[in-house]
Amino acid sequence: QVQLVESGGGLVQAGGSLSLSCAASGSIGRIRTMGWHRQAPGRQRELVATITSGGNPNYADSVKGRFTISRDNINTVYLQMNSLKPEDTAVYYCNADLQQGDSYYYTNLWGQGTQVTVSS
């Protein structure tokens, strides 16, 4: 079974840093865009950052200059979060477009989410 497994997150004071990682496991073919979204209580899920298979990143305005997305050449995407603010508090979800097994088609998968809490 193909899945995205997230790690990292936790509790940090404002101004601090945290790192998230997300690895795709199982029988996987190619992986296209990978990314991170977040959802705060009472709010809709929103894009944080994405990165293409060629390594081109895209960021939400709210995190530009503070967050850095990267990926390896295999199956993992990372999110380095610096200068964290209380408004960054949310559940962070990994997302990837990938081929499962021998399938030619791409599937959009989500991780289970990891909590990031920034205290003021």
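Begin by selecting Ser70, which stands opposite Tyr78 of strand 8; strands here, like helices, are DSSP runs numbered from the N terminus, a strand (E) needing at least two residues and a helix (H or I) at least four. This is a predicted model, in which local features need pLDDT of at least 70 and side-chain atom pairs count only at pLDDT 80 or more, while totals for chains, interfaces and linings use all residues. Residues are numbered from 1 along each chain as its sequence is written, and side-chain values use heavy atoms, with hydrogens and water left out.

**The open sheet**

Stay with strand 7 and strand 8, which run antiparallel and are joined by five bridges; two strands count as paired if DSSP finds at least two bridges between them. The two strands form a hairpin with four residues between them, and another pair of partners to highlight is Thr68 with Gln80 of strand 8.

Now widen the selection to the open sheet of four strands, whose order is 1-3-8-7 and whose pairing is antiparallel. Its edges are strand 1 (3–8) and strand 7, each of which pairs on one side only. From one strand to the next the twist averages 15°, where axes are lines fitted to C-alpha atoms, for helices over the stretch in contact, and angles between N-to-C directions run from 0 to 180 degrees. Inside this sheet, six bridges join strand 3 to strand 8 in the antiparallel sense, and Leu18 is found opposite Met81 of strand 8.

**Strand 4 and its partners**

Next select strand 4, which runs antiparallel to strand 9 and is joined to strand 9 by eight bridges; Ile28, for instance, has Gln100 of strand 9 as its bridge partner. Strand 4 also pairs with strand 5, again in the antiparallel sense, over five bridges, and here Gly35 has Thr50 as its partner in strand 5.

**The disulfide**

Select Cys22 and Cys94 together, since these residues form a disulfide with their sulfur atoms 2.0 Å apart, the term meaning a pair of cysteine sulfur atoms within 2.5 Å. The structure holds one disulfide, and with -80° about the S-S bond the link is left-handed. Cys22 belongs to strand 3 (residues 18–25) and Cys94 to strand 9 (residues 90–100), so the pair ties together parts that lie 72 residues apart in sequence. Are these two cysteines, Cys22 and Cys94, buried or exposed? Cys22 and Cys94 are both buried, where buried means under 20% relative accessible area, exposed over 50%, and partly exposed in between, computed with a 1.4 Å probe on protein chains only.

**The nonpolar core**

From there, turn to the largest nonpolar core, which has 30 residues, of which Trp36, Leu79, Met81 and Tyr92 touch the most other members; such a core is a set of buried Ala, Val, Leu, Ile, Met, Phe, Trp, Tyr and Cys residues joined through side-chain atoms within 4.5 Å. At least two residues of this core come from each of strand 3, strand 4 (28–39), strand 5 (46–51), strand 7 (67–71), strand 8 (76–81), strand 9 and strand 11 (114–119). The largest share, five residues, is supplied by strand 9.

**Rings and charges**

Select Tyr104 and Tyr105, which form an edge-to-face aromatic pair at 5.5 Å centre to centre, with 85° between the planes. Rings of Phe, Tyr and Trp (its six-membered ring) pair if their centres lie within 6.5 Å, with planes under 30 degrees apart counted as stacked, over 60 as edge-to-face and the rest as tilted. Tyr104 counts as exposed at 67% relative accessibility, and Tyr105 counts as exposed at 61%.

Then display Arg32, whose charged end sits over the ring of Tyr106 at 3.8 Å from its centre, and Arg45, which lies over the face of Tyr93 at 3.7 Å from the ring centre. A charge sits over a ring if NZ of Lys or CZ of Arg is within 6 Å of the ring centre and within 35 degrees of the ring normal.

**A last stop**

Finish at Ala60, in the loop between strand 6 (57–59) and strand 7. Ala60 is buried, with a relative accessible area of 17%. From C-alpha to C-alpha, Ala60 and Ser25 are 27 Å apart in space, and they are 35 residues apart in sequence.
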